[in-house]
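Good morning, and thank you for coming. Please look at the structure on the screen while I describe how some of its parts are arranged.

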Amino acid sequence: MGVRTGAQYIEGLKSRKPEVWLSGRKVTNVFEEPVFKQPILEIAKLYDMQHDPEYREQITHICEETGERVNNAFLVPKSYEDLMKRRAVFEAFAKATFGLMGRTPDFLNVVVTSMYHNAWFFEKYNKNWADNIRNYYKYLRDNDLFLTHAIINPQNDRSKSSHEQKDMFTHLGAVKETPDGLVVRGAKMLATLAPITDEVIIYSFPGFKSGDERYALAFAIPIDTPGLRIICREPMQDGTRSLFDHPLASRFEEMDALLVFDDVVVPWDRVFLYNNVEAANLLYPMTGAGQQPAHQSGVRGLIKLQFATEVAMKLADSIGVDVYLNVQNDLGELAQSLESIRALLRVAELEYTITEHGEAMPAYIPLETIRGLLPKMYPRAIEVLQIIGAGGLLMSPTGADFENEELRDSIENYYVGREGVSSFDRVSLFKLAWDLCGEAFGQRLLQYERYYTGDPIRKRGIFYNNFKRMHSPDMVEEALKVSTLKKEMAAK
Ligand SMILES: Cc1cc2nc3c(=O)[nH]c(=O)nc-3n(C[C@H](O)[C@H](O)[C@H](O)COP(=O)(O)OP(=O)(O)OC[C@H]3O[C@@H](n4cnc5c(N)ncnc54)[C@H](O)[C@@H]3O)c2cc1C
């Protein structure tokens, strides 16, 4: 089939009946559910972009194997030019969503593409696993599917490993083997956008210990597989809020969910790894499943930071406070953060390496530096928005107030900004800013930036250990050479 349209994506959703729980009730029709409707339409727009002459050549290519047009997320990058083709789709999708949707289809399609190219890793342990990941990649690519993923065990007792939890199947684990497939039971988190995807892929961050064999798993199944229950967190909007009052929160909410597997049968041809602690721990670092999507996250993070910076600049300008040094200082800081991330991303792309298996890999150090800095820079951008908007963020009337004749004079007089900024423009802008920095929607966006790629504290620890391994302190050794004391002592 090759690239789908938005309508085909929606048809796919309508053809499935996943078990989705939302605020205490079972959702019977995902597409008609108000909470999901607008986010579905936003994702559908991304699928339509693949056919739009403005984007088509930049974000898709003709697949050598099938002759069909497919998304660049499915391109195995072998050169700098290929990395740029992938960047084009990351950037186009991120710009279309202002960087506010992190798990757009390109994210996990890049993960599976990288696993496919590194099927040698699976082959080391089991030939069937390698065949399965190769076939799965082709299935995804040729049907242009949208995945969610759940790679974290639920937060129960973090001081104990999976096999030490009170219940053997609190964390997702294998129950038994059957001729039809592997039976799995237990939970995984935090499957963003799960209700509106086609399939789910399960794998894990490293950290399994001996005794955790049954939890050392990787597989993918359709999102409506019997026994798979999707329990959504409380929604942050009810799907009926006006676009004027909530221009972002009403459109871009990414639902997060806990996945519960109630004796789900995973067909054997969908099992990529099982019962092997070593393989489960090495999957993430050895297959590019961590590093390749960091390119997508870096591009997406840059656009999101750019968006927050632009909103802050426009907000300050609209009420004339950017004449003050303190405000210029805060805005200058955001602009410098933005430029730092932009530069790091370029370095990651320009300093790419080719792995021994022929895959172009954006550079680890700058990508991980982005991952380490954004969880500090983005919350700071949100703080600056709150500081500059101050009380004005809490005085916006609603769209309904604008439409009421009786209030017209008051609204037109008292909500205006600096000269040339009408009350309508000023209030619209402040509402946009409040969605980002005040609404529960905005707080989730902030929490996403802190945690979407794992615990930033442990990530930075891992980064430092890798940096230390890759970086010898030559300058210090050079500086210490001037002292002759060591030689004199050795001579004695
Ligand atoms: C908005 C959002 C969307 C997400 N989307 C997805 C998704 O689509 N798919 C997915 O799989 N995951 C997703 N995640 C989950 C994300 O991967 C995790 O939040 C992240 O890995 C951190 O794990 P945790 O939340 O369980 O925190 P924990 O690991 O429980 O950490 C909680 C606190 O305890 C500390 N801590 C815990 N264990 C240790 C330890 N061993 N050593 C030192 N300190 C420790 C941490 O530093 C942290 O402060 C999402 C998260 C968020 C917030």
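**Helix and sheet packing**

Helices α9 and α11 are roughly parallel to each other, because angles under 35 degrees count as roughly parallel. This is a predicted model, in which local features need pLDDT of at least 70, side-chain atom pairs count only at pLDDT 80 or more, and totals for chains, interfaces and linings use all residues. Residues are numbered from 1 along each chain as its sequence is written.

The axes of α9 (residues 291-318) and α11 (residues 364-389) cross at roughly 20 degrees and come within 9 Å. Axes are lines fitted to C-alpha atoms, for helices over the stretch in contact, with angles from 0 to 180 degrees between N-to-C directions. Helices (H or I, at least four residues) and strands (E, at least two) are DSSP runs, numbered from the N terminus. Where α9 meets α11, the contact residues comprise 18 nonpolar, six polar and two charged; Ala, Val, Leu, Ile, Met, Phe, Trp, Tyr, Cys and Pro count as nonpolar, Asp, Glu, Lys and Arg as charged, and the others, Gly among them, as polar.

Let us turn to the sheet. Which order do its four strands take? The open sheet runs β5-β8-β9-β12, with mixed pairing; two strands pair if DSSP finds at least two bridges between them. β5 (147-149) and β12 (271-274) stand at the edges with a single partner strand each, so one side of each is left without a neighbour in the sheet. From one strand to the next, the twist averages 20 degrees.

Strand β9 (residues 217-222) pairs with β12 in the antiparallel sense over three bridges. F219 has V271 in β12 as its bridge partner.

Conventions: Parallel < 35°, antiparallel > 145°, perpendicular 65-115°, else oblique.
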